[in-house]
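Please read the following report alongside the sequence and the coordinates.

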Amino acid sequence: MALIEVVGLQQKYGEREILKDINLSISKGEVFALIGPTGAGKTTLLRLLDLLDIPTTGKIYFNGTDVAHSGKARLEARRKMAFVLQKPVVFNMSVYDNIICGLKWRQMKSDSCQHKVKDILEMVDLTTYKNRNARTLSGGEAQRVAIARAIVTEPEVLLLDEPTANLDPASALKIEELIVHIINLHNTTLIMSTHDMSQGQRLAHRIGVLINGKVLHAGSPREVFNSPRTREVAAFIGAENIISGVIKTKDGDIVTVETANKMIEAVSSYAVGEAVYTCIRPEEITISLVKPSSSARNSFNGKITRVITTGSLSRVEVDCGFSLTALITKRSAEELNLATDKEVYLTFKATGVHLIKKS
Amino acid sequence: MKKITSLLIALVMLVSSVGAMAGCDNEEASAVSPLEPQERLRVATTTSLYDTGLWGYLEPMFEEEYDVELDIIYAGTGAALEYGRRGDVDVITVHDKARELQFIADGDGIERVPFAYNYYLIVGPEADPAGIAGMSPEEAFTVLMTTGSGQFVSRGDESGTHGMEKRIWANAGYEYTAVQEAGDWYIEAGKGMGPTLLMASEKQAYTLTDVGTYLSYKGDLDLVPIVDEGDVLLNVYSAIAINPELHSDTRSEMADNLINFLTSPDIQELIGEYGVEEYGLQLFIPCAGAEPGA
Amino acid sequence: MNEIWQGFLKAVELIISLDPEVMEIAGRSLRISVTSALLASTICIPLGSTIHFYNFRGKRILINLIQTFFSVPTVCIGLFVFVIFSRAGPLGELNILFTPTAMVIGQMILITPVLLGLTISALSGVDKAISDTARSLGASNLQTMLAIIREARYAMMATVIMGFGRAISEVGCALMVGGNIRGFTRIITTAISLETSKGELELSIALGIILLTLALIINTILNRIQQR
């Protein structure tokens, strides 16, 4: 049974619909990353999951109990969770007092709290700040206080809203390590939102892509990044070479997609006549000056429209009747002497083409 | 710093309690409880009896003799009558015969008991700009009204003195409303006797006052008697007990005690002697319950 | 101008000699104002908090009304209390007119708008995220409200100081409902009023200085508490 189950969740603020029909299932011990553009509704969803707000419609089940609308049940469920806000605020009191708040509110005795707090302080490396007023800390330190405050209550579910968004790379890394350490300690279920897709890929068991208030794809990182379910997801995760076409033929698993009078071969289970988008990773396209004799089934020629070199990589945009972008090393680009208007051949395998249904 | 806090708190408590103890000397039992163990008698008094210090003089004597707390409330005759009507006080001491009789006729008071009298006089600047010295009160007022050559400060507060002033205007043949509109020379102070005298002194104006307050006034007054002869200037102070039938918790027994006290031979003698040594004149002439013939 | 210097000297003289009458009215001023400030705070801080935390129709109008009453003249409150507690009035049976009790009640009514208004204002100044943070940590509604009040404690103390200040400095109400009875309901402000009207300017100034000194001491204490 899923730990948290969300059915038909909708959230409106006045006339604006922030979340539309969210359905999610999160298992115990899972790390679920919520990614999406700003304003997609990530914070709103996290707030609903933490039972801070009441959804306009829909159900939230926590351990099988519907807690979306009942006051007492919400408080009980909320006490099994902890939420760290995107910009965490600390209470105007010492670090120690801040951390002990959650425990006090659950009516835990002072003395049993003491060593819990001590351990947590060590974990987040704030022992020396124990008696300082939390308001005097830096942003990063305040965030550690907020995290410590959240985890000292040993929640079953930890919700983090963009935990490393405001931090420099070194601090971000430290916080990530801390998070991993924490969840491994108690097998805590973690739901976090993040802008950083690589972070999502690194830490999460599953990723949910939230765009415009809907979860368009929820699946393992590999699934989401290699086989995005919709065009918007693909665009968001940075997939490229999204080309519109129609399936012309099918032979077992191999289909051909007709686009701009050319045929692209792909591996798919879709039927003939299906309108689709292709997704091809730029790094899977090879460039040559002559027609290659490889086993790759897709080979197109065209003129280079642009070459953009950043660092050690070059993006080469080619007009083959449709636009394709390849990603090669700067070195290779130089060796081939690539420049605008040059004629080149682009080649990629059928297995490198992912198809998305147009719906 | 914590030491300073404790020190200050201690200081505050000290002041409060010293204050309370000093208050005990001044007869106060508990500050805030409405259920005082000691009986309290409330008297609303006209300002001249207060400003002369007569009440301050008599108060401790009465309190000792009858083992009661006397609450003297400084009002004007008008306010005192209103407190009496509402039953907020138990006795009133005022000096406006006409209104007192009305008060009793209305059933608010039991009996009018005169206990002392003196005279009003018109005082003013030594220079006497209106030239009214030695005239009768009515003549003097007429001159002021017609020539406007001197300023006059009126009590303007419905007090006994104010009532007397209005009577003089009436005797002189003027409507009081006309007097109020007569010009800038007529100033309505809206204050008690003492403060009014101060204002008149400040402005070097004329004013009507009772002799007691004028003589005993602690402030420096730059005023001299201008008009002090006239039948109308008789000023009789009376004590009236509030009708207990109208207000059930009026302390009528103690009120009677007070009135008896004021008219008792010993106290009457003291009233008559009050201020003589200091001012060389009697401030109040005792009249033991009988209406003085003018 | 000379009066002010003379007044200052007289104040020092009265304090050092522990003049009994001055001590008595100073003590009474303190007792009455501290009592009214404490009692009113005990009522108004929870009440103000309730108004702030709950949404109801007419809430804005209520707050507007409260702020309007910041400016109510003290003598009007005095009149109001007088009429109610006068023997001829509805609560006359209690027999508390012209007693310190009535003065405490009058001052409590007087400072209630200020205490309510500033409490609401203090709580409004607290970051909304505090409420979210507390709730996410498992605080119940009551615990959350207490957390917010705790966050606003500095401003709350300023509210109490303000209330006390208005109470100890007022004349109109104390005069009307206390009657300025010597030895019983006379406080520093009503004594100043009386002495000024008698022309005793030095004494009045001295009393004024003593009042300010008392207020300074009280405020210093409250400030120390506020810094904690």
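Predicted model: local features only at pLDDT ≥ 70, side-chain atom pairs only at ≥ 80, totals over all residues.

Residues are numbered from 1 along each chain as its sequence is written, chains are lettered from A and ligands numbered from 1 in the order in which they are written, and side-chain values use heavy atoms, with hydrogens and water left out.

**Surface patches**

Patches are made of residues with over 30% relative accessible area and no salt bridge, like charges being joined within 9 Å and nonpolar side chains (Val, Leu, Ile, Met, Phe, Trp, Tyr) within 5 Å. A salt bridge, in turn, is a side-chain nitrogen of Lys or Arg within 4 Å of a carboxyl oxygen of Asp or Glu. For charges, Lys and Arg count as positive and Asp and Glu as negative, whereas His and the chain ends are not counted, and the place of a charge is taken as NZ of Lys, CZ of Arg, CG of Asp or CD of Glu. Accessible areas come from the Shrake-Rupley method with a 1.4 Å probe, and for residues only the protein chains shown count as cover. Helices (H or I, at least four residues) and strands (E, at least two) are DSSP runs, numbered from the N terminus.

On the surface of chain B, a patch of negative charge gathers B:E64, B:E65, B:D266, B:E269 and B:E273. The elements that give two or more residues to this negative patch are α3 (54-66) and α12 (265-273) of chain B, and α12(B) supplies the largest share, three residues. B:E273 has its place in helix α12 of chain B.

Chain C carries a patch of another kind: C:W5, C:F8, C:L9, C:V12, C:I15 and C:I16 make a nonpolar surface patch of about 580 Å². Within this group, C:I15 belongs to helix α1 (residues 2-16) of chain C, and C:I15 is partly exposed because its relative accessible area is 37%.

**Charged pairs**

Side chains of opposite charge can pair when their charged atoms come close.

| A:E76 | A:K72 | 3.5 Å |

A:E76 is partly exposed at 46% relative accessibility, whereas A:K72 is exposed at 65%.

C:E151 is buried, with a relative accessible area of 11%, while A:R135 counts as partly exposed at 45%.

In chain B, B:D88 counts as buried at 1% relative accessibility, and B:R86 counts as buried at 17%. Salt bridges that share partners join B:E82, B:R85, B:R86, B:D88 and B:D108 into one network.

**Contacts and chain A**

Where contact means heavy atoms within 4.5 Å, two pairs of chains are in contact, and chains B and C share the most contacts. Chain A and chain B do not touch, their nearest C-alpha atoms being 19 Å apart.

The secondary structure of chain A comes to ten helices and 20 strands, and its C-alpha trace spans about 75 × 45 × 35 Å along its principal axes. Of the 359 residues of chain A, 49% count as buried. One residue of chain A that counts as buried is A:V353, because its relative accessibility is 3%. A:V353 lies in strand β20 (residues 353-357) of chain A, and its C-alpha atom is separated by 6.9 Å from that of A:V267, 86 residues apart along the chain.

How values were computed. Buried < 20%, exposed > 50% of the residue type's maximum accessible area, 1.4 Å probe, protein only.
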